[in-house]
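Take a moment with the structure below. We will walk through a sheet first, then some local details of the backbone.

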Amino acid sequence: MEESSSNVLSSEKPGKMKRTKKRSKGKEEEQEEQVFNFNKPADEGDDDDLSDSEDSVYSGLEDSGSDSEEGEEEEEEEESHGDDGEDEDDAEGEQSQQLQTEVKKKGSEGEEEKKADEYEHDSSDEEDIRNTVGNIPMEWYKDFPHIGYDLDGKKIYKPIRNKDELDDFLDKMENPDYWRTVHDKQTESDIVLSDEQVELVKRLQRGQFGDVNFNEYQPSVEFFSNEVMLHPVTNRPADKRSFIPSLTEKEKVSKLVHAIKMGWIKPRRVEDDSRGRYYDLWATEDSSILAQHKMHLPAPKIPLPGHQESYNPPPEYLFTDEERTLWEQQDPSDRKLPFVPKKFSSLRQVPAFPRFIHERFERCLDLYLCPRQRKMRVNVNPEDLIPKLPKPKDLQPFPTTQSLVYRGHSSLVRSISVSPSGQWLASGSDDGSVRFWEVCSSRCMKTVQVGGAVKSIAWNPNPSVCLIAVALDTVVLILSPSLADKQVVLASERLLAGQQEEEPSEGAGPVWSEAEGEELNQGIRLKIQHPKAIHQVAWHAKGDYLASVMPDHSSHLQVFIHQLSRRRSQNPFRKNKGLVQCVSFHPVRPYFFVATQRSVRIYNLVKQEMTKKLQANSKWISSMAVHPGGDHVICGSYDCRLSWFDLDLSTKPYKMLRHHKKAVRGVAYHRSYPLFASASDDGSVIVCHGTVYNDLLQNPLIVPVKVLRGHVITHDLGVLDVTFHPTQPWIFSSGADATIRLFT
């Protein structure tokens, strides 16, 4: 046996030796290639590597092969040469290597087939879940470097750099697939939707079904039809419980019986229908859900019909012929009844009500158009609402009684003015005369006939001169009444003796001229001829400047300022800013007040610009007066209002007084006392106390103290002008009854 085996092995030796030599040569060449081929990438070698499982399978084959070869070689070494054993070992190693590569190729091909088959018909979305955290808010991971865990339990790290707004904008501009890119919060990656996915999203947005082939209008299968079927839908036998009395029902019935016995539940009484039923129509009106609301306001009820609406009313409710004609002449809204009461002998003869639909429609309008609101009643003491004002006794002195009446004019007295000394009073009337009165005795000292209705009169406020400006028609007259000592009269003459300056004429400007003859003897010194009718004249505090007003919409020549010493006139305004009513100079500063119909403009004469515009909130301003301090203005208006303006506070009135019943004609401030007054067409003069404080944070105190009456209303005109005495708390008023009255 040993000999035969040795022969067999020896016969195999030459082939094995040749194979092992080739194999060893091949191995050496491969090693040389691996050593010297630097350009070959490392990945190529990895492709030929076997997996762990493959190594474990085929390493057993190698080990078993090498063991058997070693045993055979030991036997052969005992009998034959040692070199031949080594050649056989190499040959057998080459055979096992070839077998291994073949198995390896077959195994890799089988694995590829397996992988392809495994995912070919897979429809589950769960297989593609890369982040296994589940359906949780991804904000929980905002403070961690990772965003979840993959299928192997390893952390999925966030991308190193997130896109900022600039990157996003550039991507939006440059990337054509930006509009179809969706950000996946679970993996922090951007996914580009395919055309099929975009089409699916569009279909869902349009409210269509996701499946294109789904027919939403396919006929439904009717399980129950109108045809009677032979066999029932279900033929299940009845339950046992349907034959046994219910225990729960028995328990409920026993409880109800016990409650009835104890008197907790009273059984329904059988109502007797023999008496007849009476229904309250309005009982269930407020039983709606809205009526249960706490703030619900029920609609007011319609008044129930009275005797007038009866088909057989008592005779005193029927109209007479006079009442019927009066009812027909009245406006429908003024009628007491919307219908004429009629009498019928029986109910059968009553026709249909002709205003039925109209009345129902009006009721519907009342229900949904008339607002109903719940007013929370506040318990307030009425005395608390009255402002705490000081008593008039504490605010004396002020004029209270009529002392003197100056009679002599034959027509209404439009304007009065008191001399700076307070000794003389000048008045101008529509009878064409200017009268000078002594204040204390009411004696007329002098009468000057000017030949026209006097619209305005103003005494020069400078005590060193004695001059009066009188406005009538289109002329302003400068009078020197000579009611003062010689020094004052001479100073007045010197002021009027100034030479007229040669100026380029501004078209239709005022013309200065001196009085002559009889006018000179009466005291008229100068005439200033104007292009239009004059309504008012006003002096500057220093007595050299005089302003005249000519209201006219069509022209900008409404105000002229005249200088007596140089005999020159100028128009301060280039444009027409509205219909000028009256003007006034500021008592201290170089400001000029111009009152138009709706507003008062204040101009700075030095800078030649408008500094403020006061909104009077009245329809038509009639008169204006400036406080001696210069920071307050009062305006009277034809719509019965008096507005007090605080120039430091606002351009809107600080106080609106509506004490008069008719148009306010004149307003005035006292020079030294905290008093102001207003005269109205209702025949009254209202004197008010108006304290102006030096503290700018404290508002003026305005208290009405006295209503003075005495003038008789003539031709719907009452008191036309009012002015205070310069030193005493006295007031003068002139009226349409051709009298002047002094109240002290």
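Predicted model: local features only at pLDDT ≥ 70, side-chain atom pairs only at ≥ 80, totals over all residues.

Start with a sheet. Four strands form an open sheet in the order E19-E20-E21-E22, and their pairing is antiparallel. Find its two edges. They are strand E19 (580-585) and E22, and each of these pairs on one side only. Now follow the turning of the sheet. From one strand to the next, the twist averages 20°.

Zoom in on one pair. E19 and strand E20 (residues 591-596) run antiparallel, joined by five bridges.

Next comes the backbone. Most residues other than glycine have a negative phi, and most peptide bonds are trans. Some places here depart from that pattern.

The loop between strand E22 (609-615) and strand E23 (621-626) holds Asn617. Its phi is positive, near 55°, though the residue is not glycine.

Look for Asp716 in the loop between strand E30 (701-709) and strand E31 (719-724). Asp716 counts as exposed, because its relative accessibility is 60% and the cut-off is over 50%.

Finish with a peptide bond. Gln396 and Pro397 are joined by a cis bond, with omega about 10°. Pro397 sits in the loop between helix H10 (382-385) and strand E5 (402-407).

Conventions. Residues numbered from 1 in each chain as written. Heavy atoms only, no water. Buried < 20%, exposed > 50% of the residue type's maximum accessible area, 1.4 Å probe, protein only. Pairing = 2+ DSSP bridges. Axes fitted to C-alpha atoms, helices over the stretch in contact; angles between N-to-C directions.
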